[in-house]
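Let me put the model up, and then I'll walk you through a few spots.

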Amino acid sequence: MASALSVLMGAMIIAGTAIGAGMLANPTATSGVWFLGSLVVLLYVWLCMSLSGLMLLEARMRFSTGASFHSMVKQLLGNYWNVISSLSLVFVLYTLTYAYIFVGGGLTQELINQAPLLPDLSRSLAAVIFLFVIAVFVIASTHWVGRLSTVLIGTMVVCFLLAVTGVFPHVSFDVLLNAEAAPFYGKYAWLALPVCLASFGFHGNVPGLVDYHQGHAKSVAQSIWLGSGFALVLYVLWQLAVQGTLPRSAFGPVIAADGDVAVLLSAMSGYLSTAGMGRWLHGFAYFAIVSSCLGVTLGLFDYIRDAFGFSRRMSGRLKAASLTFLPPLLAFLVMPTGFVKVMGYVGLMASIWAVMVPVLLVRASRNLNAEAPSYRAPGGQFGLYFVAAFAVLVMAVQFLLLVGKLPVYRG
């Protein structure tokens, strides 16, 4: 049976992967529905994503050590769905890695160039250093990623608390509840769904956590609930700090800047002192990016090792690492800002492999004439329909947003 410490480290992998850059995007994405509406959206998405993660866990328990999405989908759903799942998974995880290289490289460059006695680095070289450190821990093992994630999440929480503790006394219920006006905001809820889905994306780590916990499904389930629940609490506190101090009517510049931290702080400075807050928020953002990049690349690494049948020895791990890290790094070096053009499709692809595919896997697994799995996801048949409906809804919303057919709040 797994120890409480290993459950905690598993939860930190889940939380670290989920939080990432979505933390800074959520207040902007939910500005149309504001605080109470954002609570409803976040709770709904959290529940659906947690259930889909547990469904993936149930399906994974039918397989032996080392199995990831490739083996699971191919055996339970066939080649057709394996191609769809593989393309969507690889697209999402490579694109996110690409984005984290860009952002993490920039933050690493800023950090090193501000340090005394160190030579100034280009963004490209800083990105290589950033990714190399990530790769070392991913190649080492899930255990080491869990340890580092625990440290990163702890430091990230400290930075977050230092950034927002001085804000909470200034939270106004009139601002929080938008008492100045009360129109119907529901039409803007759709915009928040794809962003919030990405804010709870941890599913690439579930197969690896089964191996990490030595097949003890209850420990994996505990890690999922704790990790995703921790992310939810942090998101709600951040919504409270931002949407309780900066009026909805003043959110226009932040929306126009896609939630840029500097623009957000500038807008909030008109309503409270943000001196010192920026430094801690930038620290929070850096640790969030590092922990999320660790989790995303670990999930991609496990998938590639399974898909290509690489051994679990160091030679196989190095091959899997090369295919995990080199393509997005080369893409960044050639087109350092090209990810902006494809990020709009991440939510659409994620709704396929992180939501719909787990539902289909569990459905197929339960229809097998074989011994019942050692773990069964909660919700029964209703749970399958509930999560499947969420997947279809997000796909439809993302498509309508991409073609400009849904209302978008501009402030």
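So, which residue does Arg 312 form a salt bridge with, and how far apart are the closest N and O atoms? The partner is Asp 211, and those atoms are 3.9 Å apart. By salt bridge I mean a side-chain nitrogen of Lys or Arg within 4 Å of a carboxyl oxygen of Asp or Glu.

Quick housekeeping: this is a predicted model, local features need pLDDT of at least 70, side-chain atom pairs count only at pLDDT 80 or more, and totals for chains, interfaces and linings use all residues. Residues are numbered from 1 along each chain as its sequence is written, and side-chain values use heavy atoms, with hydrogens and water left out.

Back to Arg 312, which sits in the loop between α14 and α15, while Asp 211 is in helix α10, 101 residues apart. Helices here are DSSP runs of H or I with at least four residues, numbered from the N terminus. Arg 312 counts as partly exposed because its relative accessibility is 43%; the cut-offs are under 20% relative accessible area for buried, over 50% for exposed, and partly exposed in between, with a 1.4 Å probe and protein chains only.

Asp 211 has another partner: its side chain meets that of Arg 60 in a salt bridge at 2.7 Å, N to O. That pair also links distant parts of the chain, with Arg 60 in helix α3 (residues 34-60) and Asp 211 in α10 (residues 206-212), 151 residues apart. Both Arg 60 and Asp 211 are buried. Put together, Arg 60, Asp 211 and Arg 312 are linked in a network of salt bridges.

The count comes to four salt bridges, and one of them joins the side chains of Asp 302 and Arg 305, at 3.9 Å, N to O. Asp 302 and Arg 305 are both buried.

Now for the outside. There's a nonpolar patch on the surface, with about 990 Å² of accessible area together, and among its members are Leu 125, Phe 132, Leu 326 and Met 335. Patch residues have over 30% relative accessible area and no salt bridge, and nonpolar side chains (Val, Leu, Ile, Met, Phe, Trp, Tyr) are joined within 5 Å. Areas are Shrake-Rupley with a 1.4 Å probe. The elements giving two or more residues are α6 (123-140) and α15 (314-334), and α6 gives the most, with six. Phe 132 is in α6 and counts as exposed because its relative accessibility is 57%.

Last stop is Ser 199, in helix α9 (residues 189-199). Ser 199 is buried, with a relative accessible area of 0%.

Conventions. Patch = residues over 30% accessible without salt bridge, like charges linked within 9 Å, V, L, I, M, F, W, Y side chains within 5 Å.
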